[in-house]
Amino acid sequence: MPLNKDALWYKDAIIYQVHVRTFYDSNGDGIGDFQGLEQKLDYLQELGINAIWLMPFFPSPLRDDGYDIADYNAVHSSYGTLEDFRKLLESAHERGIRVIIEMVLNHTSDQHPWFQQSRSSQNNPYRDWYVWSDTDTRYKGTRIIFLDTETSNWAWDPTSKSFYWHRFFSHQPDLNYDNPAVREQMWNVMTFWLEMGVDAFRLDAVPYLVEREGTNCENLPETHTILKDLRRKLDEQFTGRMLLAEANQWPADLRPYFGDGDEFHMAFHFPLMPRMFMGLKLEDRKPITEILQQTPEIPPSCQWSLFLRNHDELTLEMVTDMERDYMYDMYAESKTMRLNLGIRRRLASLLNNDRRRIELMNGMLMSLPGTPIIYYGDEIGMGDNILLGDRNGVRTPMQWSGGWNSGFSNAETERLYAPLIQDPVYGYPAVNVLAQRESEHSLLRWMQRIITVRRSTGAFGRGSIEFLYPANHRILAYLRKLGKDVVLVVNNLSSTAQAVELDLRRYKGNIPIEMFGNNMFPRVGDLPYLLTMGPYQFYWFRLRRI
Amino acid sequence: MEDETFLTDDFLRQLINVGEVDILVGLPTRNNAKTIGSIVHTIQSGILGGFPRERAVIINVDGGSRDGTPELVTGISIDDVRPASNLHALRTLHSISTNYAGSPESGVAFRTILAAAELLRAKACIVMSPESVNSESDWLSKLLRPIYRDGFDLVTPTYRRHKFDGLLMTNLLYPMIRALYGVRIREAFTPEFGFSNRLGSQFLGQNGWADGTGGSGVELRFTLAAITGGYRVCQSFLGKKDHVERRAADLVPTLRQTVGVLFSALESDFSVWSKVVGSQPVPTTGSDQELLLDPMRVNRKRLRQMFSTGVAELQSVFQSILSPPTLEGLQRIAALGEEEFHYSAELWVRTVYEFAASYQKSVISRDHIIQAIAPLFRGRVCTFLGENRNASANDVETNIEGLCLEFERLKPYLLQMWKSRE
């Protein structure tokens, strides 16, 4: 299945996020690798996804799971070779799967040769590649992101006897984007991977590229200028490629990252995700409709990227204090589940392994406007290990079977890069791909089904959205429309059965066809359209005028 | 569910859409357009501030407003509250409205609220008055939290009132209920109070709604039902109590709603109150009562004249109701001049008790009995005003306490009359 040539392919994509290290170990060293991932591409194709997003695989001291890059033009030896990566890329493309890789623009590892040069002397040519200062009092208005580990955005470097700027861990010095040489070099890095055939970049931590006194050093105009320049070069030199922004910001602050369709193609909708969890727990559509009402229109060529969980904590930066307290109380009663301003748990464990809620959340993920991202393992309901530090609890080995090392690796168990999940509920003997493949009603089979249904219409990826506001606030209902294709989505956020009356008079005469079973429902008439819904049930109807 | 059939289909549909709630705020209205906006904002702020995570609904039951009151209630957006109060609603806050035909008796509105509370399985409910113009958002917490958090079933308010405000309460209802039922509830008849679902459901299931209105004074019946049912009752101090300016209410309808209800309840509650000795305070958050002492012009002369005229004109009625010594006592003080006039606590208590006993016996029409007490109450008020004209708050409290003790002391006298009738 060759790649489709549509330049807007990302609008129809279903992205699977995976870390090479976690997926499959082909050489028995306890660490997942490119060859292992390549061997599992058939599984991903069978699942129905058509893009994979790989977390950083570059040489790195791995003090931040690869987001501390020490060399941008190579791969970490634990994962294989550049040639292995090329083969993976080729194999993915053969299956119609595009490959998105990480590009950490904002900072490097302190082990990167650039930083080693930069700190070595005030006169070194690389000195100005990072942000240095004699004091730690500049840019006072800038928040600290990793509150649990950092007390300042400045770190003292005893080698050069000055402070360097870092927005994340102190071992991740920020690059100085006021330096044209840095900008040029980072484009060169991107070119290196684009020429190899990479389809897209997830650009990490983009709001923080530039610093200016008297600001909060986020979302600055100068940052947008740099990003637009990258986009311009991309469009000029490479066709059909895509840039995805990681900018954990409010919708109004996110909007500029799309520019006039000349900056990012896609951006994560960070504020929506916690509100989906909130709406589910509150049994109330308000948090979801409220944030989507506040979400500005984006250029036609652009797309939101939606997710339920990812490799990081469930971030609660983009909620109010009251909402954050609520989320903590509802989803992270134990303090060990909390990290920074978030909750470090997986989807299934957040939802108490309730199959109905897992399905409902995935149903919303697949039907709200945007491109959905599935975090590896969530398609089978993998759990987490909150006893592992930082965010490692949600980065445990993929559970392929109930056999040795969950089928992830032939290595001695002690050599695995991280312990396997072994608890009775989420452990690999109970939750694994092999078992779920064999079961017609497994979550994996259900995920395959919903992806198939999602891909059966372009309305979800490209259509407009119009919320219906039935008087029953437990029901989240909307219409997705693309041309004559109209899909009605009705979600019951409640744990109890609900009745709802929908105003569908505009569609009088249409026959709702339930998309999972292709069954007809009564024709829409003049009266409010009455539906009764079971707990956490959702419907997707294609409205057909026949 | 015969009891629920009085709800309209439209209202039921609205209730279905609201679904189960934690907090229910009942708001009975009738032509309250001038004040309802601020009251609803207060309620919304109270919910957002005190119960941001709870599922809440405001239920307006309107008795035929012609000034657009229901539309105002349902039309006020919570977003209007948010910027001013810096509060954010996690949830949808429903405001729904229904109306009822016929007489705007409070009983119908309250019955509707009770039915809604039961259907929505509300954990804690509150009734708010559309006329409490100075209500504060924290009133909701004060009336709801003891129910929602501490397991009480009824929360009645106490207020900061002028010492001459609520004279029927201080001179009759409070001391008599205290003496008979043994519970020191300062405001047993009040337009705002909180209650639990179990109390509401029990009361809803009682007989007495058959006439479709539930009768007037249902709030007092509700309080008495809580006491006699052994429910947990407490008081919560709300603060200053103001209400909209309006024409002075005719005393007789008020007596019907309060004294009439109380006298009527004594009949059915005899097995309870006849066994009560003394009285106990109820748990109270904040002050038991606070009195304001601002100077106030009162026409005691007119009160005394109305008393004397009543005693003279209703002599034949009183002969049916009162014992000869009590009637003689009243006639004696009716003949006194303005300076000498004094309606003592003992004589007042005996009067009230004899009225209660006569009411039970129905010596004459019960409504006439209630009407007949009006001039006597005015006489008692005249004395109360005189006694407390220059009194401090403590002195006023001492006088009220003295009256309460007199009601308690003479309770055997009431029991004796009651039993002799049996």
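Into which domains is chain A divided?

**Figure 1. Domains of chain A in the predicted model.** The structure shown here is a predicted model. Chain A is divided into domain 1, covering residues 113–165, domain 2, covering 310–344, and domain 3, covering 464–544. Between the centres of domain 1 of chain A and domain 2 of chain A, taken over C-alpha atoms, the separation is 30 Å.

**Figure 2. The contact between chain B and chain A.** On one side of this contact are 10 residues of chain B, and on the other are 12 residues of chain A. Sorted by class, the side of chain B that touches chain A consists of 5 polar, 3 nonpolar and 2 charged residues.

**Figure 3. The fold of chain B.** Chain B contains 18 helices and 11 strands. Its radius of gyration is 22 Å, close to the 22 Å that the globule rule gives for 422 residues, so chain B is as compact as a globular protein of that length. Along the principal axes, the C-alpha atoms of chain B fill a box of roughly 65 × 45 × 40 Å. Of the 422 residues in chain B, 50% are buried. When contacts in chain B between residues at least 6 apart in sequence are considered, 87% join residues at least 24 apart.

**Figure 4. Helix α16 of chain B and its bend.** Helix α16 of chain B comprises 22 residues, 366–387. From its first C-alpha to its last, this helix reaches 32 Å, close to the 32 Å expected at 1.5 Å a residue. At P375(B), α16(B) bends by about 30°.

Notes: Residues are numbered from 1 along each chain as its sequence is written. Chains are lettered from A and ligands numbered from 1 in the order in which they are written. This is a predicted model: local features need pLDDT of at least 70, side-chain atom pairs count only at pLDDT 80 or more; totals for chains, interfaces and linings use all residues. Domain bounds come from an automatic or database domain assignment. Two residues are in contact if their C-beta atoms, placed from the backbone, lie within 7 Å. Ala, Val, Leu, Ile, Met, Phe, Trp, Tyr, Cys and Pro count as nonpolar, Asp, Glu, Lys and Arg as charged, and the others, Gly among them, as polar. Helices (H or I, at least four residues) and strands (E, at least two) are DSSP runs, numbered from the N terminus. The expected span of a helix is 1.5 Å times one less than its number of residues. The bend at a residue is the angle between axes fitted to the seven residues ending there and the seven starting there. The radius of gyration is taken over C-alpha atoms; the globule rule is 2.2 Å times the number of residues to the power 0.38. A residue is buried if 20 or more other C-beta atoms lie within 10 Å of its own, exposed if 12 or fewer, and partly exposed in between; C-beta atoms are placed from the backbone.
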